[in-house]
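Welcome, and thanks for taking a look at this one. Please keep the sequence and the 3D view open side by side while you read.

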Amino acid sequence: MKANSMVCSYLWLSVLLLVLSVPCMAQGNAVEAAVSELASERTESRVDPLPASFAEALTRLLRGNIKEREQIVEHLSTTGHPRAQVVLEALLNGELFELKADGRPVIGAENQGGYAISDALTGDALGYVGRGDIAKINLTNSLRVTLRKAIGRLQLRSGDAASRLAAVNAMITSADDKTLELLRTFEATERDERVLAAMRLIFALHDLRSDHKSVRLNALDTLKEYNSLEVYNRLSVLVDRDDDGHFVEPDADVRKKAKSVLVKIDARRQFYSAVETVFFGLSLGAVLVLAAIGLAITFGVMGVINMAHGELMMLGAYTTYVMQQIMPEYLGLSVLLAIPAAFVISAAVGIAIERGIICFLYGRPLETLLATFGVSLFLQQTVRSIFSPLNRSVTTPEWMSGSWQINDFLSLTWNRFYILLFCLLVFTVLLQILKRTRLGLEVRAVAQNRNMAKAMGIPTARVDALTFGLGSGIAGVAGVALSQITNVGPNLGQSYIVDSFMVVVFGGVGNLWGTLVAGFSLGIVNKMLEPHAGAVLAKILVLVFIILFIQKRPRGLFPQKGRATEA
Amino acid sequence: MNGHSFTNHKAGSVVIALVAAVTVLVPLCNAVFPDGSALHFSAYTVSLLGKYMTFALLGLTLDLVWGYCGILALGHGAFFALGGYAIGMYLMRQIGNRGVYGDPVLPDFMVFLNWKELPWYWLGFDQFWFASLMVLIVPGSLAFVFGWLAFRSRVTGVYLSIITQALTYALMLAFFRNEMGFGGNNGLTDFKSILGFTIQSEAVRLALLMISGLSLIGAFLLSRWIIKTKLGRVVTAVRDQESRVRFLGYRVEMFKLWLFVFAAMLAGLAGALYVPQVGIINPSEFSPLNSLEIVVWVALGGRGTLYGAIVGAVLVNYGKTVLTGLLPEIWLFTLGAAFVLVTMFLPRGLVGLLVRDGKES
């Protein structure tokens with residue numbers, strides 16, 4: 001008996017060595033530490049032999065101590081069982097439970113206070129249980145590290161190139177000898193170019209530690225093509241001196257080459273950061289354009305400033321919130337449906353404002369400004385009374401959240417990207433309405449010369465109402481977009497109103513292209529100033545710039561032509 | 001025209017007589033009747049009356065530029081706030097070593113920000129005469145530069161309104177920054193004394209009320225005189241037909257500019273009287289909403305009459321005091337409705353209901 005257990009122990013010694021070496025491999029000499037730790041460990045805990053089946057492995061995963069769990073995790077990652085990855089991911093996410101009734105391992109997803117569980121072994125749904133019916137499996141940090149690596153190895157076997165790529169990328173910062181060995185075996189069968197490139201990056205980074213100068217130089221040759229933050233950091237350390245004043249990289253040739261690679265990467269990094277700034281500027285500009293474009297139409301056609309414009313945007317944002325409350329199961333769809341709903345609601349409110357107030361103040365633009373400001377206070381307080389003064393959160397649908405990681409130096413957030421697209425779409429539609437429809441023709445006619453248009457038989461009162469409705473509806477649509485990037489609260493409109501005025505005034509009244517150019521350029525200038533001056537100062541500078549600009553070009557970048565503008 | 005100016009003149013005199021009565025009677029009552037008597041005004045009431053006086057003064061200055069010059073300034077609160085900050089800086093320096101950190105020179109917020117010495121623009125504000133001068137000069141210079149740029153290039157109408165709003169918005173953002181050295185979003189507060197007197201004491205409150213009242217009366221009489229002079233008459237003509245006045249050979253922008261600067265300086269004075277009475281000045285005074293509220297006072301009272309602005313300022317603020325105390329939700333509804341109804345149905349404001357006059361817009 002005793003001899004038998006000795007044999008077992010020795011057999012396990014080697015396995016454990018592997019297990020323990022994984023988390024500490026980042027420091028090369030940690031293996032010795034692991035061995036000595038192991039030596040003391042041996043006397044304390046006995047180790048069981050490998051589980052015979054997947055089911056047994058799962059049971060031991062539930063019941064075992066921390067050490068044993070790490071072994072099982074390692075083991076599961078090598079079995080290639082189809083459920084292994086699902087189970088390990090569930091464990092990492094804290095979704096693996098033991099069903100108290102029969103001790104069965106289950107995967108549970110939280111659902112309205114209870115859990116929807118499924119059999120961990122087979123994936124069969126087992127219905128709902130309460131919180132008290134299942135016991136959660138606790139994790140330690142070292143187990144998490146082991147889990148991530150195990151999942152990474154499993155992902156390498158995945159049939160999906162994207163998840164293989166993700167797995168390889170996850171290994172870049174923590175690649176150890178064992179991972180490398182694993183990667184080399186997979187490299188032979190890998191067909192996807194991008195996965196291969198990621199693998200080569202890991203190899204090259206590893207080669208930088210090689211004792212041979214030529215290997216290091218070759219590695220640098222490979223690395224210079226990569227847009228990777230890890231490469232940049234590693235090379236920066238390489239050409240630097242360590243604490244004792246020695247160069248980290250002893251060879252001058254290698255240092256020189258590393259420096260030239262660094263310069264190349266740096267240039268690309270700056271390029272991408274410029275691209276990113278422009279993108280963020282465009283997306284900020286898109287928000288400004290969306291907010292301002294409705295204002296531009298009403299101002300251009302009717303010569304009135306609608307101070308309630310911001311509140312019409314707020315109504316659009318609240319429409320999105322209400323839509324999500326109505327259909328909580330379909331978040332993505334509710335946001336899409338909110339677009340027409342917000343248009344209709346804001347347009348209706350806008351037409352009511354025009355028919356009820358503005359049409360009585362025709363020819364008195366300053367009074368209109370005051371009256372609509374009164375309306376804006378009214379709308380704000382109404383919303384505050386109905387929905388409470390607190391901000392409401394609108395959930396961003398999955399396809400809009402997260403970011404598009406192009407490389408380490410450039411990632412674009414999806415919601416900003418969609419808003420940019422949405423802005424261009426709205427702009428195009430509006431342009432087509434104004435250019436190609438009967439209403440558009442009438443709107444342009446009234447904008448150019450109201451009296452002449454009237455003389456030609458255009459019902460100017462109706463055109464005014466419809467224009468105002470159109471502008472207001474677009475404000476509502478802009479509100480839907482805003483609900484995705486900012487808090488939905490009663491003050492949402494106020495924070496955008498000054499900015500949207502600036503855009504209209506800068507671009508030139510009644511000129512859609514002017515609004516577009518003004519919005520985008522203000523957005524980009526703002527984002528370009530931000531890193532140097534800070535967000536608030538950048539905004540102040542932009543405001544001051546516009547105030548000065550108006551002195552030079554009182555009618556904006558693209559002044560409207562026609563007599564009506566002189567009125 | 002003569003008859004109308006007579007009735008308006010008479011109504012104005014009545015209003016200013018009421019202001020004078022408050023200015024004189026309140027301190028008199030408090031001197032004669034002992035504390036606790038029904039005719040002894042509480043510290044709260046005295047401060048409230050003083051605050052209304054400064055608001056009335058502020059409304060008056062906006063009426064000058066809006067009612068007589070046709071400039072709908074949506075950033076008039078900026079001049080008020082700048083005057084307030086100027087006197088606030090003096091009051092901060094007066095705290096001396098009585099602050100929480102006990103630094104003899106630096107105000108608390110600078111010690112908190114770890115600043116070692118006073119920024120250059122704070123120098124001199126330990127002197128009352130210098131601060132008083134700045135109360136007029138800072139808003140005046142800003143109005144001069146801004147007005148010079150705007151009027152010279154003939155920015156008018158809604159464009160002008162919008163850039164004045166942008167101006168106050170930009171200033172608000174700027175004053176919110178801690179790096180500006182004006183206390184960030186907390187602003188300047190915790191004042192202890194003014195000219196050596198305890199700022200909370202009854203005597204100082206009464207004195208401030210009297211000074212506010214006298215300033216209001218003085219500003220009213222001065223403004224009434226100015227609009228009778230050539231400057232005032234040309235400016236009124238500009239309001240009605242700017243191009244025609246220009247074609248007649250007047251330098252329109254100069255007339256507008258001087259009136260604008262004068263109004264800004266008086267607004268600064270109003271701010272300087274306001275701050276010691278409420279004990280705080282912070283960047284929210286710059287918010288565009290505050291400036292718009294001034295416009296409501298004037299619109300509600302009746303613009304282009306001077307005394308209408310006083311009536312409007314007092315009425316609206318009294319309504320605000322009462323309503324925000326009783327039913328906070330109702331206040332914005334009321335204010336919003338006042339905006340809409342007054343612009344639609346009372347283009348000449350409340351005083352237009354009482355005072356009959358010729359055709360005047």
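The report below walks through domains, strands, a helix pair, the chain contact and a few loop residues.

## Model and domains

Please bear in mind that this is a predicted model. Chain A is divided into three parts: domain 1 covers 80–157, domain 2 covers 159–250 and domain 3 covers 272–566. If you want a distance for orientation, the C-alpha centres of domain 1 of chain A and domain 3 of chain A are 47 Å apart.

## Strands around β1 of chain A

Strand β1 of chain A (residues 96–99) runs antiparallel to strand β2 of chain A (residues 105–111), and 3 bridges join the two. β1(A) is also joined to strand β5 of chain A (residues 134–136), again antiparallel and by 3 bridges.

## A helix pair in chain A

Two packed helices are described by the angle between their axes and the distance between the axes. For helix α12 (residues 252–302) of chain A and helix α21 (residues 512–533) of chain A, the angle is about 140 degrees and the axes are 7 Å apart. The crossing of α12(A) and α21(A) is right-handed. On the α12(A) side, the contact residues include A:Phe280, A:Leu284, A:Leu288 and A:Ile293; on the α21(A) side, they include A:Leu516, A:Phe520, A:Ile524 and A:Lys527. By class, the residues of this contact of α12(A) with α21(A) are 15 nonpolar, 7 polar and 1 charged.

## Where chain B meets chain A

The contact between the chains takes 33 residues from chain A and 36 residues from chain B. On the chain B side, α5 (128–152), α6 (157–176), α11 (288–301) and α13 (328–345) each supply at least two residues. The largest share of that side comes from α6(B), with 14 residues. Sorted by class, the side of chain B that touches chain A has 27 nonpolar, 6 polar and 3 charged residues.

A:Thr173 is placed in the loop between α7 (161–171) and α8 (177–189) of chain A. A:Thr173 counts as partly exposed because it has 13 C-beta neighbours inside 10 Å. From A:Thr173 to A:Ile202 is 29 residues in sequence and 8.6 Å in space, C-alpha to C-alpha.

In chain B, the backbone torsions deserve a glance. Most residues other than glycine have a negative phi. B:Arg154, however, has a positive phi near 60 degrees, and B:Leu306 has a positive phi of about 70 degrees although it is not a glycine. B:Arg154 is placed in the loop between α5 and α6 of chain B, and B:Leu306 lies in the loop between α11 and α12 (307–326) of chain B. Are these two residues buried or partly exposed? B:Arg154 has 15 other C-beta atoms within 10 Å, so it is partly exposed. B:Leu306 is buried because 28 other C-beta atoms lie within 10 Å, and the cut-off for buried is 20 or more.

Notes:
Residues are numbered from 1 along each chain as its sequence is written. Chains are lettered from A and ligands numbered from 1 in the order in which they are written. This is a predicted model: local features need pLDDT of at least 70, side-chain atom pairs count only at pLDDT 80 or more; totals for chains, interfaces and linings use all residues. Axes are lines fitted to C-alpha atoms, for helices over the stretch in contact, and angles run from 0 to 180 degrees between N-to-C directions. Helices (H or I, at least four residues) and strands (E, at least two) are DSSP runs, numbered from the N terminus. A crossing is left-handed if the near helix is turned anticlockwise from the far one by less than a right angle, and right-handed if clockwise. Two residues are in contact if their C-beta atoms, placed from the backbone, lie within 7 Å. Ala, Val, Leu, Ile, Met, Phe, Trp, Tyr, Cys and Pro count as nonpolar, Asp, Glu, Lys and Arg as charged, and the others, Gly among them, as polar. Two strands pair if DSSP finds at least two bridges between them. Domain bounds come from an automatic or database domain assignment. A residue is buried if 20 or more other C-beta atoms lie within 10 Å of its own, exposed if 12 or fewer, and partly exposed in between; C-beta atoms are placed from the backbone.
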